[in-house]
Amino acid sequence: MVLGQATWRTGIELDALFGLARGAHALMGATIKRAPIDGDFLDRLPELRIVSKYTIGVEDVDLDAATARGVLVTHCPTEANWGGVAEGTVGFMLTLLKRVRERDRHVKAGEWRDSSLMGTYLGRREDGYPGLTIGIVGLGRCGSRVAELLSTWRVRMLACDPYVEDDKFERLGVVRADLPTLLGESDVVTLHVTLTEETRGLIGARELEAMKPSAILINTSRGAVVDLDALCDALNTDRIAAAALDVLPEEPPGEQARVLTLGDKVLLCPHMISANHPGTLQPAIPWATDATLAALRGQVPERVCNADAVPRWLARFGNRSLI
């Protein structure tokens, strides 16, 4: 039995990855940036039973190719991961609205109060101030936790998610809206979607044009969900006020990337919003290990992302234990 162990290394090349994986019955690891597991790669691993991801996202694995070959793909939606994303999202929101970076820099430069450092009040007040409208795109684990965290702030919350039932919106105190309505009415738009063909490029020039000039955009999902060139254009022309990005289409960005030149209009994080003590990916390791051991025993594990692969997988490996 050979067990391939991928790591967090960014930019690993395909040949290097295959060198680690040659002869494997199982692959375990986090996100693979430049060497996605596609059909050609899977064909080089004829005994592979499972790709067991430590992460929530599985966009670096071709699920159709895995399904066609009877290979299971599992993931680990641990609360340490998605809960950390939600908490970081609120942190991004407050940092931008309260101008935390600018105030800190101002005082450290020997200055004091200045009207240019005024922040934005978030919640509804009894004096008639209506508070901000927060638009949540994607009401899964992360989006739902963001709604829960904001529920005591007395903000108006809109959400767009065609795959979630009405009772969840009602339970969270969130108003269902289509994407154009959400973009047009929200003061903060925060993205919590998985990367699929449907969500790739979800926010482009047209969507940014629909937002308020005073609005901010937060992306803690996947970089390819947002057209980064269009976002840079929108920020440069004050089409929107600011953005906070934990993720980028190219990670890390090149030294000449436009997004690095936008100053305080953009708040950047190195795809680490879920990396918090205690937690990050450690709680996922037991889940991924259990899934791998089940597959090696010839049993269907929990949290399979490509359920259509199960019949073919059972025909290949069912009740054929390697351990």
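**Ile136 and its surroundings**

Setting aside neighbours within four places in sequence, Ile136 is in contact with Gly143, Val146, Ala147, Met157, Leu158, Ala159, Cys160, Leu182, Thr190 and His192. Contact here means heavy atoms within 4.5 Å.

Before going on, the ground rules. This is a predicted model, in which local features need pLDDT of at least 70 and side-chain atom pairs count only at pLDDT 80 or more, while totals for chains, interfaces and linings use all residues. Residues are numbered from 1 along each chain as its sequence is written, and side-chain values use heavy atoms, with hydrogens and water left out.

There is a second, separate nonpolar core of 32 residues, which includes Ala215, Ala234, Leu235 and Val259. By nonpolar core I mean a set of buried Ala, Val, Leu, Ile, Met, Phe, Trp, Tyr and Cys residues joined through side-chain atoms within 4.5 Å. Buried is under 20% relative accessible area, exposed is over 50%, and partly exposed is in between, with a 1.4 Å probe and protein chains only.

The largest core has 33 residues, and Ile134, Ile136, Leu150 and Met157 have the most contacts inside it. Two or more residues each come from H4, S5, H6, S6, H7, strand S9 (216-219) and S10. The biggest contribution is from H4, with eight residues. Helices (H or I, at least four residues) and strands (E, at least two) are DSSP runs numbered from the N terminus. As general background, nonpolar side chains in soluble globular proteins tend to be buried together.

Now helix H6, residues 141-150.

**The parallel strands**

Next, strand S3, residues 50-53. Ile50 and Ser52 point one way from S3, Val51 and Lys53 point the other way, and all are buried. Strand S2 (residues 26-29) runs parallel to S3 and is joined to it by four bridges. S3 also runs parallel to strand S4 (residues 72-74), with three bridges between them. For pairing, DSSP has to find at least two bridges between two strands. Met28 stands opposite Ser52, and Ile50 stands opposite Leu72.

Met28, in strand S2, is buried at a relative accessible area of 7%. Its C-alpha atom is separated by 8.1 Å from that of Thr289, which is 261 residues away along the chain.

His75 is in the loop between S4 and H4. Is it buried or exposed? His75 counts as buried, because its relative accessibility is 15%. The side chain of His75 reaches the backbone oxygen of Ile56 at 2.8 Å. That is a polar contact: a pair of N or O atoms within 3.5 Å, where within protein one must be able to donate a hydrogen and the other to accept it, and residues adjacent in sequence count only if both atoms are side-chain atoms. Outside four places in sequence, the contacts of His75 are Lys53, Thr55, Ile56, Val58, Arg303 and Cys305.

Glu251 sits in the loop between strand S10 (242-245) and strand S11 (266-268), and at 16% relative accessibility it counts as buried. A polar atom of the Glu251 side chain lies 2.8 Å from the backbone nitrogen of Leu248. The side chains of Glu251 and His271 are joined by a polar contact of 2.8 Å.

**Backbone points to check**

Most residues other than glycine have a negative phi, and most peptide bonds are trans. The bond from Glu251 to Pro252 is cis, with omega near -10°. The bond from His277 to Pro278 is also cis, with omega near -15°. Arg303 is not a glycine but has a positive phi of about 60°; at 28% relative accessibility it counts as partly exposed. Asn319, in the segment after H12, likewise has a positive phi of about 60°, and at 73% it counts as exposed.

**The whole chain**

The chain has twelve helices and eleven strands. Of its 323 residues, 50% count as buried.
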